[in-house]
Amino acid sequence: MKESTSPAASNPLSAISDKVNACIQCGTCSASCPNAFAMDFSPRHLWRLLQAGEVRAVLASRSFSLCSTCYSCTLRCPRGLPLTDIMSALKQVGARQHPMQDPSGVLFYRNFLESVRRHGRVREMEFMTLYFSAMKNPVLPFQFTSLGIRLLSRKKLPLELPSKGSRRLNALFCKVSELENTP
Amino acid sequence: MNRKAGCALIVGGGISGMRAALDLAETGYGVTLVEQAPYLGGIVSRLDHQFPTNHCGMCRMLPLLDRESGSQSCLRKDLVHENIDIRLSTQVMTVAGDAGGYEVSLREQPAGVDRLKCVGCGACTQVCPVEVPDAFNSGLSMRKAIYPAAPYRVLNSYRIDFSACTRCGACAAACPTGAVVLREMERKQFRVLVVDDELIVRDSIREWLMEEGFDAEMAGSGQEALGRLGGSAFQLMLLDIKMPGMDGVEVLKKAKEIAPQINVVMMTAYATVETAIEAMKTGALEYLIKPFEIDVLMPMVEKRFAEFMAARDEKIRVGAIVLAGGAAFYNPAGGKNTLGYGVYPNILTNAEFERLISNAGPFSGRPVRSADGKPISRIAWIQCVGSRDLQAGADFCSGICCMISIKEAILAHEKLGANLATDIYYMDIRACGKNYHRYKEAAETSGNVNFIRGRAHTVVQDADSGDLKIRCVSVSGAETETAYDLVVLAAGQRPHPDMALLAEKYDLALNEWGFAETLPFSRIRSRKQGVFLAGSFAGLKDIRESVTEASAAALAASRSLHQAGGGIAPVPAKTSTGARNVSREPSRILVIICSCDGMLTPHLDAADIEHRLKKDPSVTGLLVFNRICAGPEMEGLIQEIKSRRPNRLLIAAGAACADKVRDAGKSAGIHPALIRVAEIRSPAFIIAEPQASNEPARIFQDRMRILIMGISELKYAEPESLPETAVVRRALVVGGGIAGMSAALAIADHGYPVDLIERSEKLGGNLNWIRQTLEGHAVGPFLEDIRQKTEKHPQIHVYSSADIVSTWGEAGRFYSAVAERDGAVVQLEHGAVILATGGGEAPTQLYGHGAHPAVMTQKELEQSLQSNAVDPEKLESVVMIQCVGSREAPRNYCSRICCQTAVKQALYLKSRNPAIQIYVLYRDMMTVGFSESYYTKARKAGILFIPYTLDNKPRVDTGRSRAAVTVFEPIIDQSLEIEADLIVLATGVAPDFPQQLAEIFETERDADGFFQEADVKWRPVDAMKPGLFGCGIMNAPQSIPDAVASAEAAAQRALGILSRQSLPAGRITARVRHSLCSRCRICIDACPYHARAWNAEMERIDVNAAACQGCGACAAICPNSAAVVDGLLMPQFLEMIDACF
């Protein structure tokens, strides 16, 4: 790998990577993270890539999408770094449709929120339908069949068809979009 | 020896305080050493072993010259020196005045046991019903409310823990000598007389007072009150104004006549307030308006009580103060992340683990898990607990925990066998002191200590087995979970718990983390004149640093006393003993036993003992007393000594009685060197058959042996000591860098001339090329100031462009030849030598140095920045490589300052041009102590730190126009290629101390070419050869303040010689029988103290009596018995051995 020596100005993640500058790579975050097993880069690895200015590698990673915001890393970091906040910030940058980003994470969050926007809470069946159709992968639903059956049997998956809903939260979502200055 | 008029106060009796006290005492100043705890030694007294020797060497601090001025035994047992006044369990209450004249008040916490009467039998401890956790053993065992202060002390130091004591009185009843004084409690001494005609008022006030612990009595009328005042002393009287018969004001007037010192507080109703105010004119202090509540009365009484106590405080005047109050350990239980400490029983801190494995600890050196008694087979250490942790408010490195944990792991292997597994979880192993890196390597290779780079965040206990699981991610990203029997947390340091209070008392500045702050370029100077800091009080020291800085603080105190005229007016030397000369008389020993009311000798048969002892014709008789210290028997004792005219005394008695007998002996004209105390209370021979040790017959046998041994030793003892060596009161300092100049100034400021030899033309050494320190202090002005002072000092003669050609002689009198550049040779005479030859950046040819202009050393970068040959504005990328040729053969040591230099330069470059990308390639970042905060700053500034290992070093490619470095980044798990405008190499420090120079001074170099000190921990600036000292970076790699401290320490050690007219020899000293000597000279090499030399002129071996420590190595090696040790002659020794059996 060739190290870019370009100044930080051209790095779209510089504001985020500044926050992990003080990281000492002790690995407390990685050992604390309950989702690290599923991540392609452990949290520490991700911070190191940020420090090294590896923008492409960071944005192509699905590690931050898998953060469940449990705050274990933030609680335990000996440097007191806002690691969970950094994960969230990366989610936002990723969600702004960076071509490098693995789409599954972004689409998952987007469709989850779409359901919330319509009904004020998530409707699991509707969310599943939206997510599967957005992923444009006909095989994908079958991969989740067994999970779906288990959820159904425990009455965790009410059978409701997708609908437009009341959209009473629409104003709120519009305001947030406006604040985030996204189209 | 002469005692100078000046006195110093040392606050804190840990090793720093002891070192500073001994140093000042050795130069003749009076010292008051105050310690809060009932024992000396501080934290170190609770550690059995110290790295890197894995032994204890505390006694090596004891004076080697004039060693009979103090005790010559284990310092854990006690410290005694004729110039040191030791105050245990004492606190400094107030400090007033300024440099040269501080008035200090001291208050001693009552022990509840009369030290002089206590014979240490332990009967009190056996009957005491109260058990509390033993703080000395970190709470791992229990002790009684009446207990010996520390397990090692020999003098009786039983005391009562008043916070636990229930005042049941069992101990007082059990004590055979009446040493327990329960009523000594302070509050009971504050007696209050309550005078009121109303019984309810009197009763309730009295009840309130008694509840608070005061002693209160009542009087129902003025007459009664006056009667009581006449009967006994009261400190306070609460006096009602309106009483039938005699009213309060009248009582007041009369009371003041009976007891003028009494404090009187008037009690009055609203109606008579004016009378009360009138009464204040007659001497009442205050008035209370009735009815009043307890919270109105008590603060007033407490205030009077505090004044009463303060008035009883002892006040002393001192010229200088050294604060050596130590530090505290971080308590993980109070932190954000407790790591299970305080929750799971098998998690300990470093300090607790030391007690767990201690021979004097709860398991007598055979530790098991204290909670369930399970054998220990796996132990983990977790480093940086409460250190390097911003969440714990600690952006600093505690500096010593890495070495403590390594040592504990090695000790654990020693105690628990080879099958033990020991893992140390660490971030950086900061083994950066002298020889520490080798110690760490030895632990890793031959000590089976396993080092795991990773930070463990949680310890989970298995509910069934009690084992502890640690989950951790290694550098490579592999996750591990390992179970341990015991987890030890390397808890960091914290400031002294009362630091805020102390800062106010002594007017100290505190740093960001609450440690006392020192002035720039100094480790010991506080902002207050005449107040100096030593040891961990100013933050984070190991023993070597503490001892060095304590000596430096002693120097500073001594300088301040000297400037106040302390050295000018000597107090007359102790008057000569007036003892008659007995060297021609046969030995006549009088044995005196004091039985302490039968305690000491429960099965005493005086006639039998006398019969046995008198088999030796040198014994003239035996006297048995009951309790000499009580007084009445004293007259009889003196009479007996005078009439029997013995010339030697052997005393078997408790400490107090022994002192009395000694005094009696001296007044009867017996030489103090011929009075001995036989320690018959400590069981000497019970190891072989412990079960039989309690049999009366056996105890009797034991004590007889000790008495006969004492007689064997004493009868050959000679009072005459060897002639003293006259001292040339002038010093030679070799090397004119910062260390050499500091040492020269320190000695010259005491009025002794100094010859300073500098090889180059200019004084200043390495400081000539250093711009500023990591902390941002400019070096130039500091250097200029020191240089000016050195060059202009009337007592310093600087020889620049000069070299030492030869030196011979010994402590007190050396002769040296100095060659100047113009060829002239100057002869110098001096009493001590300080070597400060310095060192420099090690040269290198690694990483393409010399092959490409972009590759330079840290020194070259510093110089290029100053000459503007390197312009930070034009740099895009800089790579710094640490440990170049360091910490691997052949320079297998850490140079300690290079990591800090790299951080300093990187931050400087970033400050000049924030766009520079800076990469620091390191093995362990050694930003030890408070410099850790600059490491944090550097990371925050975006400087990238990449660790590398010895088996995968970075590679530098200088084959193209822009040099590039390839380094493996273990976390990204890829090699990075970094193009760089500058590649800066940290090559470390190489000493400038060639073998030839070491030979000139008859001293040794260590494995790395540095000055070999007598003991790496306890005598860090002394050479084995007396009178020779080494400081600065020729001694060890160190920063500027450390070099100044070591130079001042060396100067203080040298002043121990220069402050004397002559060096006295010890009583036990080697001598040569020239007629038997075959001149084989093997004794010269055998002597570890360089006290023997070949006298070519007389063709014989000479012994320097002042340097000789009487160890006997020469006597053991001599094939002809020509080497003998006076005071321990062969027949004497053999008789003593015979007496044992």
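The model is predicted; local features need pLDDT of at least 70, side-chain atom pairs count only at pLDDT 80 or more, and totals for chains, interfaces and linings use all residues. Residues are numbered from 1 along each chain as its sequence is written, while chains are lettered from A and ligands numbered from 1 in the order in which they are written.

Two residues are in contact if their C-beta atoms, placed from the backbone, lie within 7 Å. Where pLDDT is low, the predicted coordinates should not be read in detail.

**Chain A and helix 3**

Chain A holds 11 helices and zero strands. Helices (H or I, at least four residues) and strands (E, at least two) are DSSP runs, numbered from the N terminus. The C-alpha trace of chain A spans about 55 × 35 × 30 Å along its principal axes. Of the contacts in chain A with a separation of 6 or more, 60% are between residues 24 or more positions apart.

Buried residues make up 31% of the 183 residues in chain A. A residue counts as buried if 20 or more other C-beta atoms lie within 10 Å of its own, as exposed if 12 or fewer do, and as partly exposed in between, with C-beta atoms placed from the backbone. Helix 3 of chain A is mostly covered, with nine of its nine residues buried; among them are A:Trp47, A:Arg44 and A:Arg48. The cover over these buried residues includes helix 1 (14–19), helix 2, helix 4 (55–60), helix 5 (72–76) and helix 6 (83–95) of chain A, together with strand 46 (944–947) of chain B. Just after helix 3 of chain A, A:Gly53 has a positive phi of about 75 degrees.

**The interface**

In the model, 26 residues of chain A are in contact with 30 residues of chain B. On the chain A side, the elements giving two or more residues are helix 2 (28–32) and helix 3 (43–51). Helix 3 of chain A gives the most, with five residues. The chain A side divides into nine nonpolar, 11 polar and six charged residues. Here Ala, Val, Leu, Ile, Met, Phe, Trp, Tyr, Cys and Pro count as nonpolar, Asp, Glu, Lys and Arg as charged, and the others, Gly among them, as polar.

**Strands of chain B**

An open sheet of five strands in chain B has the order 43-50-44-45-46, with parallel pairing. Strand 43 (855–857) and strand 46 of chain B are at the edges, each with a single partner strand, so one side of each is left without a neighbour in the sheet.

Elsewhere in chain B, B:Ala320 and B:Val322 point one way from strand 17 (residues 320–323), B:Ile321 and B:Leu323 point the other way, and all are buried. Two strands pair if DSSP finds at least two bridges between them.

| Strands of chain B | Bridges | Sense |
|---|---|---|
| strand 2 (residues 7–11) and strand 17 | four bridges | parallel |
| strand 17 and strand 28 (residues 531–533) | three bridges | parallel |
| strand 44 (residues 877–881) and strand 45 (residues 917–922) | five bridges | parallel |

B:Leu9 stands opposite B:Ile321 in strand 17 of chain B, and B:Val322 has B:Phe532 in strand 28 as its bridge partner.
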